[in-house]
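This briefing is meant to be read with the sequence and the 3D view side by side. Please keep both open while you go through the points.

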Amino acid sequence: MSHVNPLIAYLHWDINRVLFEIGPVKIRYYGLFFTAGFICGYLLLRWMFRTEKRNVDDVESLLIYMVLGTIIGARLGHCLFYHPLDYLSDPIKILQIWNGGLASHGAAVGITVSAWLYSRNHPDQPLLWLLDRLTIPVALAGFFIRIGNFFNSEILGRVTDVPWAIVFEDGLGLSSRAEQLMPRHPVMLYESFCYGCFFIILLMLYRKYRSETPRGLLIGLFFIMVFTARFVLEFYKMRQAEFAESLPLSVGQMLSIPLVIAGIILLIKRRPAPPLETELLSKKSAKTN
């Protein structure tokens with residue numbers, strides 16, 4: 001474990017998690033950034049649908065699928081991946097989402113499943129086409145959500161003496177005052193920076209190809225970049241799952257490996273985008289047969 005350097009004046013972070021209150025309603029920073037991610041994602045999808053002459057009105061329906069898939073997947077992922085015994089012994093706690101607990105790996109699964117359910121009713125928006133486009137708003141949402149985690153003082157890093165370390169005086173998961181006064185890696189900001197960079201890369205690639213974006217290119221790159229970054233940054237995080245404390249890899253790292261492999265497969269198997277008319281005709285022919 002790194003020791004505190006007494007010559008460095010570390011930033012002490014102890015901001016109120018609640019931005020403001022309206023009667024019994026509390027507006028939290030985390031909720032604000034979470035919502036900002038979906039709003040920006042909605043606007044990005046409208047722009048992409050309009051660019052490719054798809055039905056822009058479909059974006060509202062797609063947004064509902066994405067919100068539900070993200071929240072349900074992320075919540076189940078947190079409960080089953082990180083604290084299975086706790087939640088399976090008292091399943092009603094799974095529904096208590098206001099007590100916190102969302103997992104990005106679960107969100108990835110939830111978004112994929114919801115995209116599949118949505119695409120079944122929209123033949124002009126096949127699954128791989130849809131997933132390629134969803135990577136851009138999802139990467140941006142990840143950027144916002146990790147900033148929200150910073151304001152929530154959660155997903156804390158390991159103790160370190162680097163000059164940019166931060167003391168999280170009210171950090172979630174810290175049980176003693178001594179732990180609260182130790183400087184730590186602001187690993188949620190590291191992740192936010194990575195997701196912001198990935199968003200720019202994916203957006204630039206989409207702007208280059210637009211409707212001719214090779215199928216599987218963006219989703220493959222997304223899985224590789226996001227979950228490789230997650231694997232590396234887990235070394236700087238506090239362990240979140242108690243049952244994995246003694247394991248060589250964290251739960252987040254073990255879950256990231258298959259997603260990186262899936263990204264590599266998608267990238268290798270990427271294929272040119274067929275014209276929309278050709279794709280619709282092939283789907284109608286398959287249904288007829």
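Contact here means that heavy atoms lie within 4.5 Å. With that rule, and leaving aside its neighbours within four places in sequence, Leu 134 is in contact with Leu 45, Leu 62, Met 66, Ile 111 and Ala 115. The model is predicted, and local features need pLDDT of at least 70, side-chain atom pairs count only at pLDDT 80 or more, while totals for chains, interfaces and linings use all residues. Residues are numbered from 1 along each chain as its sequence is written, and side-chain values use heavy atoms, with hydrogens and water left out.

**Overall form**

- The protein chain contains 10 helices and five strands, where helices (H or I, at least four residues) and strands (E, at least two) are DSSP runs numbered from the N terminus.
- For 289 residues, a compact globule would have a radius of gyration near 19 Å, and the 21 Å of the protein chain agrees with this; the radius is taken over C-alpha atoms, and the globule rule is 2.2 Å times the number of residues to the power 0.38.
- Taken along the principal axes, the C-alpha atoms of the protein chain fill a box of roughly 70 × 45 × 35 Å.
- Among contacts in the protein chain between residues at least 6 apart in sequence, 70% join residues at least 24 apart.
- Buried residues make up 48% of the 289 residues in the protein chain, where buried means under 20% relative accessible area, exposed means over 50%, and partly exposed lies in between (1.4 Å probe, protein chains only).

**Nonpolar cores**

- A nonpolar core is a set of buried Ala, Val, Leu, Ile, Met, Phe, Trp, Tyr and Cys residues joined through side-chain atoms within 4.5 Å.
- The largest such core has 55 residues, and those with the most contacts inside it are Leu 62, Leu 134, Ile 136 and Leu 202.
- Among the elements that give two or more residues to this core are helix 1 (29-51), helix 2 (58-82), helix 5 (127-151), strand 4 (166-168) and helix 7 (187-209).
- A second, separate core of five residues includes Tyr 82, Ala 103, Ala 241 and Ala 244.
- As a general background, nonpolar side chains tend to be buried together in soluble globular proteins.

**Aromatic rings and charges**

- Rings of Phe, Tyr and Trp (its six-membered ring) pair if their centres lie within 6.5 Å, and planes under 30 degrees apart count as stacked, over 60 as edge-to-face and the rest as tilted; by this rule the count comes to 16 aromatic pairs.
- The rings of Phe 222 and Phe 223 have their centres 6.0 Å apart and their planes at 55°, so this pair is tilted.
- Phe 222 counts as buried at 9% relative accessibility, and Phe 223 counts as buried at 10%.
- Phe 231 and Phe 235 form an edge-to-face pair, with 5.8 Å from centre to centre and 85° between the planes; Phe 231 is partly exposed at 24% relative accessibility, and Phe 235 is partly exposed at 46%.
- Ring pairs also link Trp 13, Tyr 29, Phe 33, Phe 150, Phe 151 and Phe 168 into a cluster.
- A charge sits over a ring if NZ of Lys or CZ of Arg is within 6 Å of the ring centre and within 35 degrees of the ring normal; the charged end of Arg 54 sits over the ring of Trp 129, 4.3 Å from its centre, and Lys 93 lies over the face of Tyr 87, at 5.5 Å from the ring centre.

**The sheet**

- Two strands pair if DSSP finds at least two bridges between them, and an open sheet of three strands has the order 1-4-5, with mixed pairing.
- Strand 1 (11-13) and strand 5 (183-184) stand at the edges, each with a single partner strand, so one side of each is left without a neighbour in the sheet.
- Strand 4 and strand 5 pair in the antiparallel sense over two bridges, and the bridge partner of Val 167 in strand 5 is Pro 183.

**Loop residues**

- Lys 53, in the loop between helix 1 and helix 2, has a positive phi of about 60° although it is not a glycine, and it counts as exposed at 72% relative accessibility.
- Arg 210, in the loop between helix 7 and helix 8, has a positive phi of about 50° although it is not a glycine, and it is partly exposed, with a relative accessible area of 29%.
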